[in-house]
Amino acid sequence: KTDITNLINLFGKEKVVVLLNIPSAMDTTWLINQDVGAIALVWMGGEQAGNSIADVCTGVVSPSGKLADTWAKDLQYYPTIKNSWWDSVTNLTTLQNSKNDFGEFGNVRYEEDIYVGCRYFETFKKDDVRYPFGYGLSYTTFEITKPKAPKSFDTSKPLKVSVELKNTGSKDGAETIQVYVTEKNPTVLRPKKELKSIKKVALKAGEKQKVEFELSKKDFAFWN
């Protein structure tokens with residue numbers, strides 16, 4: 001934090017880019033409070049990560065990744081935390097000897113039912129999210145128009161849906177289209193929406209393309 005503050009004082013916050021070379025989600029409150037120019041989540045890129053990151057930072061390629069999980073504003077907002085030993089212990093020795101209401105070392109209760117990850121946040125706690133599932137910025141912009149889907153379909157055949165995707169910016173890039181289904185009046189507990197298909201489409205600046213999906217009867221089914 002001190003290093004970032006020094007860099008901001010030296011160059012200005014808009015010129016400071018923080019690279020998160022991490023294996024999993026983390027609390028980014030301190031970064032948000034610093035108001036840096038950009039945050040790039042580079043994960044664990046392997047031996048060529050440096051070259052890839054340099055290409056993104058210098059504009060050779062446009063970042064087009066999307067977040068594969070949900071990052072909440074605080075650890076306490078995850079529904080699983082109440083079932084974890086980490087909620088009440090602070091070191092491994094205590095953890096190994098812990099036998100509290102949340103289970104014991106090596107054993108965590110599974111109580112979220114179907115509301116795991118983005119399904120929980122989308123259904124109950126959207127305001128607790130800092131970066132939602134599927135989030136990711138780019139050096140270009142995209143426009144999604146002309147959504148098409150039939151009002152009913154023959155369940156013995158695939159249901160075809162489509163949209164038109166256009167790169168409206170000045171840079172080449174890629175966008176990920178996500179297809180969700182929802183039931184208006186469910187007879188059992190179901191998430192507000194369920195992801196059923198995705199496609200990542202690369203487009204040159206100004207290019208547009210029709211993106212099509214096929215959903216089956218199984219995509220609308222549920223277990224009870």
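Among contacts in the protein between residues at least 6 apart in sequence, what percentage join residues at least 24 apart? In this predicted model the value is 60%, where contact means heavy atoms within 4.5 Å. Local features were taken at pLDDT of at least 70 and side-chain atom pairs at pLDDT 80 or more, whereas totals for chains, interfaces and linings use all residues. Residues are numbered from 1 along each chain as its sequence is written, and side-chain values use heavy atoms, with hydrogens and water left out.

The secondary structure consists of five helices and eleven strands, assigned as DSSP runs (helices H or I of at least four residues, strands E of at least two) and numbered from the N terminus. Of the 224 residues, 28% are buried, a class defined by under 20% relative accessible area, with exposed over 50% and partly exposed in between (1.4 Å probe, protein chains only). The accessible surface amounts to about 15300 Å², with 52% of it belonging to carbon and sulfur atoms, as computed by the Shrake-Rupley method with a 1.4 Å probe.

Strand 1 (residues 17-20) presents a covered face formed by Val-18 and Leu-20 and an uncovered one formed by Val-17 and Leu-19. Four bridges join strand 1 in the parallel sense to strand 2 (residues 38-41), pairing being assigned if DSSP finds at least two bridges between two strands, and Val-18 stands opposite Ile-39 of strand 2. Together with helix 2 (residues 29-34), strand 1 and strand 2 make a right-handed β-α-β unit.

A separate open sheet description applies to three strands in the order 7-8-11, with antiparallel pairing. Strand 7 (142-148) and strand 11 (208-215) are the edge strands, each pairing on one side only. Strand 7 is joined to strand 8 (residues 159-167) by five bridges, and Glu-164 in strand 8 is the bridge partner of Thr-145.

Eight aromatic pairs were found in the whole structure, the criterion being ring centres of Phe, Tyr and Trp (its six-membered ring) within 6.5 Å, with planes under 30 degrees apart counted as stacked, over 60 as edge-to-face and the rest as tilted. Trp-43 and Trp-71 form an edge-to-face pair, at 6.3 Å centre to centre and 80° between the planes. Trp-43 lies in the loop between strand 2 and helix 3 (49-57) and Trp-71 in strand 3 (residues 71-72), so the pair ties together parts 28 residues apart in sequence. Trp-43 is partly exposed at 31% relative accessible area, whereas Trp-71 is buried at 4%.

How values were computed. A crossover is right-handed if, with the strands pointing away from the viewer, the path from the first strand over the helix to the second runs clockwise.
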